[in-house]
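Open the model in a viewer and keep the sequence panel beside it. The stops below say what to select next and what is there.

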Amino acid sequence: MPNLDVVALNFRGGVRVGKRGLELEETLATIPSDTLFSAMVSAWRLLGGNVDEFLKPFLADPPNPPFLITSTFLRAGEVRFYPAPVDLSLCISPDKLKDYGKKIKKVQYLSEELFLRLLKGEKLDAWLFSKDDGTTTAKGWRLQKGALWLSEEEIARLPKTFPLKPENRSGLMFQEAWKQARQPHVTVDRIGSQPEIYHTTQVHFHPDCGLWFGILWRDGEREVPSAGMSYRQALEKILRYLEHAGLGGKRAIGFGAFAHTLSPAAVELPLPADGQAGLLLSRYHPRPTELPQTLQHEKASYQLVSVGGWLKTPDSPNLMRKRLHMFSEGSVLAFPQLPAGDLSDVTPDIFTGGHRIYRYGMALAAGLEVQNA
């Protein structure tokens with residue numbers, strides 16, 4: 001069974017990842033895999049690396065990437081969270097799903113213990129939280145107003161800085177691992193020199209909370225062409241650079257800087273066999289040869305996300321990338337073969353920078369047992 005290297009990110013301040021290309025007042029709480037990979041490639045170039053050589057195995061036909069990455073997900077203390085399936089009936093019986101109604105639909109992330117039980121084909125009814133979050137005998141509890149679902153045993157691994165007494169577990173429901181803050185800024189009109197106020201939103205994490213992502217090494221010791229180091233060494237160098245350069249937007253005013261901790265082979269992750277259902281831990285853009293088989297599994301369920309935004313390169317003014325649609329984390333699909341997905345060319349038609357712009361859409365998914373597949 002393959003193991004994931006886990007990278008824990010502890011942010012020094014706020015972090016901002018815009019939801020829409022032109023919106024400044026909306027932000028994601030996590031960093032999607034395509035955004036994270038773009039930051040890595042940009043960092044490699046700024047470190048003096050050859051991007052074309054770095055990307056060759058990802059752009060091959062069929063692709064042969066030396067590593068795959070997940071999106072970032074929430075972490076509270078020592079408890080890591082994973083995306084809940086788009087179709088919650090995969091983990092909860094129909095009767096319980098109907099009984100809990102909107103309360104269960106608020107759940108966006110499952111704790112690691114619950115997620116691994118789901119992958120083994122277990123229903124999670126026995127770990128459901130009480131409807132009023134007041135039953136002390138419940139085996140499941142909620143955080144972040146219902147967005148995070150964890151087991152009773154994992155409460156002890158939450159941050160010690162949570163202001164909760166052990167006997168007052170009902171307060172977990174309202175304990176925030178992160179919160180959003182709205183910050184005013186001023187810009188000056190170039191024509192009339194008049195000040196104009198605007199706002200941005202960023203995410204701030206509670207102490208001992210943050211994000212994490214996984215790295216699945218397929219051939220980490222493969223040498224990066226013309227770099228004199230392996231892909232594993234290159235990624236370590238990239239992460240050290242990004243600690244100071246930051247992730248996300250508004251980095252010039254201090255957002256996105258972090259410290260990271262790498263835990264090798266920290267999670268055993270069952271990968272889906274060819275044709276078996278897998279739950280996505282990254283965004284995914286299928287190659288034409290992977291459709292329609294990817295969608296034809298009896299338990300297939302998915303959500304599409306429209307991905308656009310700005311490109312930033314020293315070779316060109318900032319331009320809007322071409323927009324594409326991707327399958328989001330938590331989707332359940334059946335991949336004809338692995339690795340699946342591609343790097344999509346999203347270069348604007350008017351771009352004159354002398355190179356192509358790509359968006360990472362390689363799938364990293366966890367295999368689901370037959371009962372849930």
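How many residues lie between β14 and β15 in the hairpin that they form? Two residues separate β14 from β15 there. The model is predicted, so local features need pLDDT of at least 70 and side-chain atom pairs count only at pLDDT 80 or more, while totals for chains, interfaces and linings use all residues. Residues are numbered from 1 along each chain as its sequence is written, and side-chain values use heavy atoms, with hydrogens and water left out.

**The hairpin**

Select 310-313 for β14 and 316-320 for β15. Strands here are DSSP runs of E with at least two residues, helices are runs of H or I with at least four, and both are numbered from the N terminus. The two strands pair in the antiparallel sense over three bridges; pairing requires that DSSP finds at least two bridges between the strands. Now show the side chains of β14. Leu-311 and Thr-313 are on its covered face, Trp-310 and Lys-312 on the uncovered one. In a regular strand, side chains alternate between the two faces of the sheet.

**The whole chain**

The secondary structure comes to six helices and 20 strands. The chain has a radius of gyration of 21 Å, close to the 21 Å from the globule rule for 373 residues, so it is as compact as a globular protein of that length. That radius is taken over C-alpha atoms, and the rule is 2.2 Å times the number of residues to the power 0.38. Along the principal axes, the C-alpha trace spans about 60 × 55 × 35 Å. Of the 373 residues, 52% are buried; buried means under 20% relative accessible area, exposed over 50%, and partly exposed in between, with a 1.4 Å probe and protein chains only. Among contacts (heavy atoms within 4.5 Å) with a separation of 6 or more, 72% are between residues 24 or more positions apart.

**The cores**

Select Phe-67 and Trp-149, the residues with the most contacts inside the largest nonpolar core, which has 88 residues. A nonpolar core is a set of buried Ala, Val, Leu, Ile, Met, Phe, Trp, Tyr and Cys residues joined through side-chain atoms within 4.5 Å. Beyond its neighbours within four places in sequence, Phe-67 is in contact with residues including Phe-37, Phe-54, Phe-58, Trp-217 and Tyr-231. A second, separate core has nine residues, among them Val-307, Leu-311, Leu-319 and Phe-351.

Select 33-46 for α1. Its 14 residues should span 20 Å at 1.5 Å a residue, and its end C-alpha atoms are 20 Å apart, which agrees. The expected span is 1.5 Å times one less than the number of residues. Buried residues of α1 include Ser-33, Phe-37, Met-40, Val-41 and Trp-44. Just after α1, Gly-48 has a positive phi of about 95°.

Step back to Arg-16, in the loop between β1 (3-11) and α1. Arg-16 has 5% relative accessibility and so counts as buried. A polar atom of its side chain lies 3.0 Å from the backbone oxygen of Thr-201.

**Around Arg-287**

Go to Arg-287, in the loop between β12 (277-280) and β13 (304-307). Is Arg-287 buried or exposed? Its relative accessible area is 10%, so Arg-287 is buried. Its side chain makes a polar contact of 2.8 Å with that of Glu-290; a polar contact is a pair of N or O atoms within 3.5 Å, where within protein one must be able to donate a hydrogen and the other to accept it, and residues adjacent in sequence count only if both atoms are side-chain atoms. The side chain of Arg-287 also reaches the backbone oxygen of Gly-341 at 3.2 Å. Arg-287 and Gly-341 are 54 residues apart in sequence, with their C-alpha atoms 5.5 Å apart.

Pro-62 and Pro-339 are among the residues that Arg-287 touches. The Asp-61 to Pro-62 peptide bond is cis, with omega near 0°, and the bond joining Leu-338 and Pro-339 is cis with omega about 0°.

**Last stop**

Finish at Ser-193, in the loop between β8 (178-188) and β9 (195-205). Ser-193 is not a glycine, yet has a positive phi of about 55°. Ser-193 is exposed, with a relative accessible area of 52%.
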